[in-house]
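Here is a short tour for anyone new to reading protein structures. Have a look at the picture first, and then let's walk through it together.

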Amino acid sequence: MSLALLPRNICVAFLVAYRAVISPLYGDVCRYYPSCSSYALQAIQQHGVIRGIWMGSRRILRCHPWAPGGVDDIPEPRRRLHTTRAGFVLAHEEH
Amino acid sequence: MDIFALLMWPIKWVIEAILVGFHTVITALGGAEGSGLTWVLSIVGLVLVIRSAMIPLTVRQIVSSRKSLEIQPEIQRIQKKYKGKKDQFSREAMQRETMEAYRKAGTNPFASCLPLLIQMPIFLGLVQVLTDANNRKAGVGLLTEELATLFSQSTLFGVVPLHQTMQGGFASGDVWVIITAIVLTAIMCATQFYTQLQIMTKNQTPAMKESPMYKQQRILLYIIPVFLLVSAWLFPLGTMFYWLVSNIYTLVQQLIIINKMPTPGSDAALAREARMARKRQRMGLPPVEGDEAAAETEVEIKTQRQQPKGKGTKSKREGRA
């Protein structure tokens, strides 16, 4: 794993832990597909920490009771990076 | 770290204002200024204010989840389409279609993420406010050093200091602190467990129960108490009171929701329909479905000419009577 990918993988680890432990406590609450945490996870995987957190935060602000919901995918990255089953990004290689 | 403190500042300011406000009111009503009970009641007040402020969000969610009943046939069609397909891609496609159907219908049964996530910084803010107060440090707003000192010295019933933790209780061998902490933790675990169990067993549709999320939820049901025990070990009693009252609030709210406005298609919804049907029967009204059917047949009859009924002769009628 290249060092440049370390920050995003740390964030990925946090989000994966959140999705495994805390998220199920609430049950299905998100008004969108993919859910907010999944969206944030994908955004960080594909766009990096700073842009990913920015996109994820904006998505959470969009997920309020007056929002229509629906399908809302992350902005398509210039090239989609390959992720492991757990969600880590190992190298700058495409799908 | 500084950005974090900056983000927490307004939250802490509001928490302090509410706490100090309740403290002033309760003192004016005759509560002792330095009494632990006064502070506990202030914390109860804080919970009531925060949770009541969120009622519009809850109501909004329930209204829209009721509205989603209307597109239940469409949702069932999608579920039937993917029935028995448990692979990741089918599930994903099914969720996509479901969400899109809700969006098109302009309704959504889900609560949304923001209200849930907002509670985390509020709790964190309270922990910070109470920790500062315990250290007799002035807060960011209305909680002066004087009030902080009062809080840090306050004891519940004269024996249980509010700033103490379960850990501290065990360290100093203070029996009353240990007993209070254990009782609080037990009630907290019980309320959390019960609320979660109610949601899972009664307020979820069969489709929700099939999802992998549900199995995770089931496992977590038994892990939560352990989490609570660990947090109870670390957090001051004052914070635990907040958590406890908040849990009880959630429990009562959830029971009302399950009874009055259950998730469409869940066991609770079926139970409610059965209840309503029984009630209509008791009142001598025809069942709801029957009502519609009757209306339809009436329309059909109207297309035909009403046949005049033979009255018979006067003597016949009287003779029969």
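Predicted model: local features only at pLDDT ≥ 70, side-chain atom pairs only at ≥ 80, totals over all residues.

Helices (H or I, at least four residues) and strands (E, at least two) are DSSP runs, numbered from the N terminus. Residues are numbered from 1 along each chain as its sequence is written, and chains are lettered from A and ligands numbered from 1 in the order in which they are written.

**Where chain A meets chain B**

- The contact (heavy atoms within 4.5 Å) draws 28 residues from chain A and 27 residues from chain B.
- The size of an interface is often given as the accessible area lost when the parts come together.
- Here chain A and chain B bury about 2700 Å² between them, with 66% of it on carbon and sulfur atoms; buried area is the accessible area (1.4 Å probe) that two parts lose on being put together, summed over both.
- How many salt bridges cross the interface of chain A and chain B? The rule finds 1, where a salt bridge is a side-chain nitrogen of Lys or Arg within 4 Å of a carboxyl oxygen of Asp or Glu.
- A:Asp73 and B:Arg96 form a salt bridge through their side chains, at 2.8 Å from N to O.
- Between chain A and chain B, 8 residue pairs are in polar contact, both residues being at pLDDT 80 or more.
- On the side of chain A that touches chain B, at least two residues come from each of α1 (6-21), α2 (23-26), β1 (32-33), α4 (49-62) and β2 (70-71) of chain A.
- That side of chain A divides into 19 nonpolar, 5 polar and 4 charged residues.
- For this sorting, Ala, Val, Leu, Ile, Met, Phe, Trp, Tyr, Cys and Pro count as nonpolar, Asp, Glu, Lys and Arg as charged, and the others, Gly among them, as polar.
- A polar contact is a pair of N or O atoms within 3.5 Å; within protein, one must be able to donate a hydrogen and the other to accept it, and residues adjacent in sequence count only if both atoms are side-chain atoms.

**Nonpolar cores**

- A nonpolar core is a set of buried Ala, Val, Leu, Ile, Met, Phe, Trp, Tyr and Cys residues joined through side-chain atoms within 4.5 Å.
- The largest one has 41 residues, and B:Leu19, B:Leu46 and B:Tyr242 have the most contacts inside it.
- Helices of chain B that each supply at least two residues of this core include α1 (2-28), α2 (36-53) and α6 (114-134).
- Its largest share, 7 residues, comes from α6(B).
- Beyond its neighbours within four places in sequence, B:Leu19 is in contact with residues including B:Ile43, B:Leu46 and B:Leu126.
- Apart from this core lies another, of 10 residues, among them B:Ile71 and B:Tyr102.

**Buried or exposed?**

- Buried means under 20% relative accessible area, exposed over 50%, and partly exposed in between (1.4 Å probe, protein chains only).
- B:Leu270 is exposed because its relative accessible area is 51%.
- B:Leu270 and B:Lys202 are 68 residues apart along the chain, and their C-alpha atoms are separated by 9.6 Å.
- B:Ile248, found in helix α12 of chain B, counts as partly exposed because its relative accessibility is 35%.
- From B:Ile248 to B:Thr191 is 57 residues in sequence and 6.4 Å in space, C-alpha to C-alpha.

**Salt bridges within the chains**

- The whole structure holds 9 salt bridges over all chains.
- A:Asp72 forms a salt bridge with A:Arg59, with the closest N and O atoms 3.3 Å apart.
- This pair links distant parts of the chain, 13 residues apart: A:Asp72 is in the loop between β2 and β3 of chain A, and A:Arg59 is in helix α4 of chain A.
- Both A:Asp72 and A:Arg59 are buried.
- A network of salt bridges links A:Arg59, A:Arg62 and A:Asp72.
- A:Glu76 and A:Arg80 also meet in a salt bridge, at 3.0 Å from N to O.
- A:Glu76 is exposed because its relative accessible area is 58%, while A:Arg80, at 30%, is partly exposed.
- In chain B, the side chains of B:Glu97 and B:Lys81 form a salt bridge at 2.9 Å, N to O.
- B:Glu97 is in helix α5 (residues 88-105) and B:Lys81 in helix α4 (residues 72-81) of chain B, so this pair ties together parts that are 16 residues apart in sequence.

Key. Heavy atoms only, no water.
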